[in-house]
Every structure is written in C-alpha cells, then in structure tokens.
Amino acid sequence: MVTFLISLTILIVGYALYGKLVEKVFCIDGRKTPAVAHPDGVDYAPMKTWRLFLVQLLNIAGLGPIFGALSGACWGPRVYLWIVLGTILGGGVHDFLSGMMSERHDGASISEIVGIYLGKFMLFVMRIFSVVLLVLVGVNFAKNPAALLAKLTPGWMNATFWLVVVMLYYLVATFLPIDKLIGKLYPIFGGCLIVMAIGLMGVMLFNGDYRGAMPELWEYIGVEGMGHPGGTPIWAQMFVTVACGAISGFHATQSPMVARCMTSEREGRTVFYGAMVTEGVIALIWAAAGVTFYGTVGNLNAALVDGSANVVYEICTKMMGTIGGILAMLGVIACPITSGDTAFRSARLTLSDWLHIDQNDIKKRAMLTIPVLGVGALLTQWGNFAVLWKYFSWSNQTLAMMVLWAGAVYLHRNGFPPIACYMSALPATFMSAVSITYFFQAPECLNLSAAVAYPVGIVCAVVFLGIFVWREWTGHKGDVRVTAS
C-alpha cells in the first residue's frame with residue numbers, strides 16, 4: 001500500500017508542479033484560439049473546459065489504461081515506476097505539446113504538424129501512418145464490443161448484428177458536429193471511467209482484506225522478481241505494453257480534435273496534461289488492483305489468458321459487487337466504442353487536412369466519412385486482422401517518438417529556452433530507444449536477441465539526440481514562427 005500511495009502522490013504533485021512548469025515554459029498567451037477565431041459548428045465548436053477535459057480523457061483512454069495496466073502488472077509493482085515517470089515526464093508533455101502545437105497551427109492534424117517540423121518525407125509517412133493506424137483502431141474497437149454484446153443478448157442479436165449497429169453509430173459520430181454527440185455522451189462515460197477507478201481504489205485502501213494484500217515495490221527487487229512470468233523481458237516490452245497510462249502516440253491523433261474546441265490557451269494544462277495525469281492515475285489503480293486481487297503476478301498472468309475483459313469483470317464484481325459489475329460491463333463495452341468513433345473521426349480530419357477538403361460542407365464531409373467507414377467495414381470481415389493488430393503496440397510508441405521529436409524541433413525553431421526543448425527531446429530520446437529496441441527484439445518484428453536489440457536501440461537514440469543537439473548548436477532556428485510574444 002505504501003508504494004501505491006507514494007506513486008499516487010507523485011502523480012498528483014507532478015501535475016501541480018511539472019505540469020505548471022511545462023505550461024510556463026511554453027509561454028501561453030491570450031491569442032484567439034481556432035474555435036474563437038473561426039467556429040464552423042462542425043469541428044471547430046467552442047466547449048467548456050470541464051467538458052473538453054472529459055472528452056479528451058475518454059478520447060485518449062478508452063480501455064487502454066485498464067487492459068494495458070493489467071498486462072503491465074504482470075511485471076509487478078515495478079510497472080508503477082513507468083506509469084508515474086512516463087506520465088509526468090513523457091505522456092503529459094507529449095499530449096500537451098501535440099494539443100498546443102495543433103492549437104497554434106489552426107487545429108492542424110498531427111501528421112501536418114510533424115511534417116512542418118520534421119520535413120516533407122515525414123509528412124508523407126505520417127499521413128499514411130496516421131490514417132492506417134486510426135482505421136485499425138476503429139476496426140478493432142468495433143469488433144471486440146460487438147462480440148461481447150452478442151454474448152449478453154438473445155441469439156438473433158449475434159456479433160454481426162452488433163457490428164452493424166456499432167459501425168452505423170461510428171458513421172453518425174464521425175459525420176455529426178463534435179458538440180452534438182461526442183460532446184454530450186463523452187462526459188458521461190468519462191465520469192463512469194473515473195468512478196469505476198475511484199471505487200476500486202477505495203476498496204483496496206479501506207477494505208482490510210485487500211489493503212493487506214497490496215504488494216510493495218521492494219518485494220519485487222531481486223533476481224526472482226526481475227522477469228515477467230511468461231519470460232518476457234521488462235525492457236523494452238513493458239514500455240510498449242503499458243502505453244495509455246504512461247505515453248501513447250495515439251493520443252497525438254486525438255488532441256487536435258479537442259484543440260479545435262478550446263476557447264483559451266489557458267485550458268491547455270487542464271485539458272491535455274491534466275487528462276493524461278488522470279489516465280495515469282486510472283492505470284495505476286488498475287495495475288494495483290490486478291496484483292492485489294490475484295495475489296501474485298503468476299495468478300494474474302494465468303487469469304489474463306482468458307482475456308482482459310474477463311479479468312476486468314471479475315475484479316469489479318468481486319471487489320465492488322453488483323454496481324461494480326455494471327460499471328465493468330459499461331466500461332468494456334462503451335470505452336472501446338468511444339475510442340473507435342473518435343479514431344474514425346480523426347482519420348476523416350487527417351484526410352481533410354491532407355487533401356484540403358472543407359469539412360463545413362456537408363457533401364464534402366460525407367465524401368470522406370463514407371469511404372473511411374467503408375474501408376473500416378471491409379476490414380472487419382478480414383479474418384487475419386489480428387495479425388496486423390500485433391504491430392499496433394510498436395507503431396503506437398513509434399508515433400509517440402516522432403511527435404516528441406517534432407515537439408522538440410518546434411520549441412527549438414521558435415526560440416524557446418533550452419529547458420523547454422529538452423523537456424521534449426529527452427523523453428523523445430527515451431522513446432526512440434524503446435521503439436527501436438522493441439522492433440529489433442519483438443517476436444512479431446525482427447525477433448533478434450537482446451545482445452543485438454539493446455545496443456542498436458541505445459545507439460540510434462543517442463544519434464537522434466546528437467542530431468538535435470547539433471542543430472541547436474549550429475543555430476538552425478527561425479524556420480517557423482508561431483509563438484508571437
């Protein structure tokens with residue numbers, strides 16, 4: 001319990017102190033935001049801060065900080081360190097920068113932002129990369145909830161029936177103005193996600209049976225505690241397994257959607273950094289719940305064989321009773337759906353920025369919405385989709401790496417102080433090592449030994465940092481100026 005409480009405290013203090021520092025060095029000002037400068041009633045729709053926060057939280061969270069944290073908990077409480085430090089130093093900075101850079105570039109999609117600061121080649125790569133990633137997320141978050149709903153409803157409501165229903169909902173959510181459906185539903189489900197996590201934390205802290213079972217970090221230090229029960233090494237697999245709840249490139253595709261609805265730059269820390277810290281808290285609670293409820297990481301690992309959704313349901317029903325069961329079912333069904341619809345919406349926005357198609361025009365909006373959902377619907381019928389999904393974890397953290405490097409270049413080019421530049425450059429370096437190491441080591445990628453993967457990952461990360469430092473030393477500034485002071 002001590003380790004958990006210390007970790008929780010650091011997350012909260014991190015938001016108050018480091019989040020404030022990030023905001024300060026970014027030099028927010030009173031400029032008009034895109035939603036104020038040219039609201040269009042579709043994607044540029046002003047919303048209140050609390051609503052933006054909950055929309056952003058559900059955009060970036062879904063089931064990520066639950067499923068990922070439970071899988072990460074198979075390494076024991078050591079995952080707390082990644083959740084806490086990753087959230088404060090990496091994820092919060094990543095989400096804040098991706099949102100605020102978009103806001104200062106008129107709500108541009110993250111692919112356009114990366115292209116501006118990392119060059120035309122990266123612009124092309126990011127456009128393709130982002131659209132493919134977003135469609136894959138949308139498809140996955142249509143199939144899984146549909147399959148679960150089929151198990152809970154009469155036989156004639158099979159998985160195909162629910163898949164059609166979910167895809168039709170996605171069509172509506174992708175097409176309608178953001179404040180008509182997403183802006184109204186997301187705060188409700190975001191609140192449920194928070195309540196579910198708080199309920200679990202309350203049981204663990206105040207129920208004697210569970211309080212005494214909460215593991216401590218020092219119990220997992222030593223030779224026997226250093227390996228995953230399945231033999232998976234902690235580096236770099238844990239840093240990829242736990243993405244939402246620490247740092248996730250998917251968030252960068254969602255932040256511009258909310259950036260188009262801000263009415264003041266002062267909302268940035270609450271909406272972007274604050275939502276990331278809240279997600280980190282949720283991930284911390286679920287990681288603790290996993291090892292506390294099952295007693296050992298071995299038992300948790302065995303339980304996960306039957307699927308993360310079953311683990312979530314069992315934990316909630318046993319620890320919180322009937323209400324917990326309702327929240328669990330709501331979470332494992334609603335949360336992925338609310339990530340899927342914004343994934344398709346982000347894909348539409350990315351394409352509209354790429355092709356310069358005005359989305360205020362209903363016909364032009366339909367011209368992108370229908371094909372995007374059509375491709376998604378076709379992919380749901382592809383039996384080998386699971387093969388592609390294996391690459392999502394790596395591509396997700398690779399996207400985070402690219403966004404952080406773009407953020408570092410953005411800060412450097414616009415004359416921000418060195419402390420601001422390295423707030424992004426250092427986590428970018430770390431994520432470079434993580435992403436490249438994972439690519440060389442993971443079974444679904446190159447499947448090489450640690451003796452090869454570790455040095456390659458570290459060397460590449462150092463080279464990337466060296467290139468950035470060289471650019472700063474040689475004074476390559478002033479290419480783009482958007483920070484008018």
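Helices (H or I, at least four residues) and strands (E, at least two) are DSSP runs, numbered from the N terminus. This is a predicted model, in which local features need pLDDT of at least 70 and side-chain atom pairs count only at pLDDT 80 or more, while totals for chains, interfaces and linings use all residues. Residues are numbered from 1 along each chain as its sequence is written, and side-chain values use heavy atoms, with hydrogens and water left out.

**View 1. Helix α1 and its bend at G14.**
Let's start with helix α1, which runs over residues 2-26. Just after α1, C27 takes a positive phi of about 60 degrees.

**View 2. The buried residues of α1 and what covers them.**
Which residues of α1 are buried? They are T3, F4, S7, L8, L11, G14, Y18, G19, V22, E23, V25 and F26. Here buried means under 20% relative accessible area, exposed means over 50%, and partly exposed is in between (1.4 Å probe, protein chains only). The cover over these residues includes α5 (78-104), α9 (182-206), α13 (268-294), α18 (392-413) and α19 (418-441).

**View 3. A salt bridge between K20 and E23.**
A salt bridge is a side-chain nitrogen of Lys or Arg within 4 Å of a carboxyl oxygen of Asp or Glu. Side chains of opposite charge can pair when their charged atoms come close. In this view, the side chains of K20 and E23 meet at 3.2 Å, N to O. Both sit in helix α1, three residues apart, so about one helical turn separates them. An α-helix has 3.6 residues a turn, so residues three or four places apart point the same way.

A search of the whole structure finds 11 salt bridges. One of them joins the side chains of D29 and R104 (4.0 Å, N to O). D29 is partly exposed at 21% relative accessible area, while R104 is buried at 8%. A network of salt bridges links D29, R31, R104 and E265.
Now turn to D353 and R260, which form a salt bridge whose closest N and O atoms are 3.1 Å apart.

**View 4. K32 in the loop between α1 and α2.**
Is K32 buried or exposed? K32 is exposed, with a relative accessible area of 65%. Contact means heavy atoms within 4.5 Å. Not counting residues up to four places away in sequence, K32 touches A37 and E103. The C-alpha atoms of K32 and E265 are separated by 8.2 Å, although these residues are 233 residues apart along the chain.

**View 5. N59 and F250, in contact with each other.**
N59 belongs to helix α3 (residues 49-60), and F250 to helix α12. N59 counts as buried, at 0% relative accessibility, and F250 is buried too, at 5%. Leaving out residues up to four places away in sequence, N59 touches Y186, F250, Q254, M257, V258, S339 and T342. With its neighbours within four places left aside, F250 is in contact with N59, L134, V137, S339, A343, N396 and L399. The C-alpha atoms of F250 and I60 are 7.2 Å from each other, and these residues are 190 residues apart along the chain.

Note on methods
Expected span 1.5 Å × (residues − 1). Bend = angle between axes of the 7 residues up to and from the residue.
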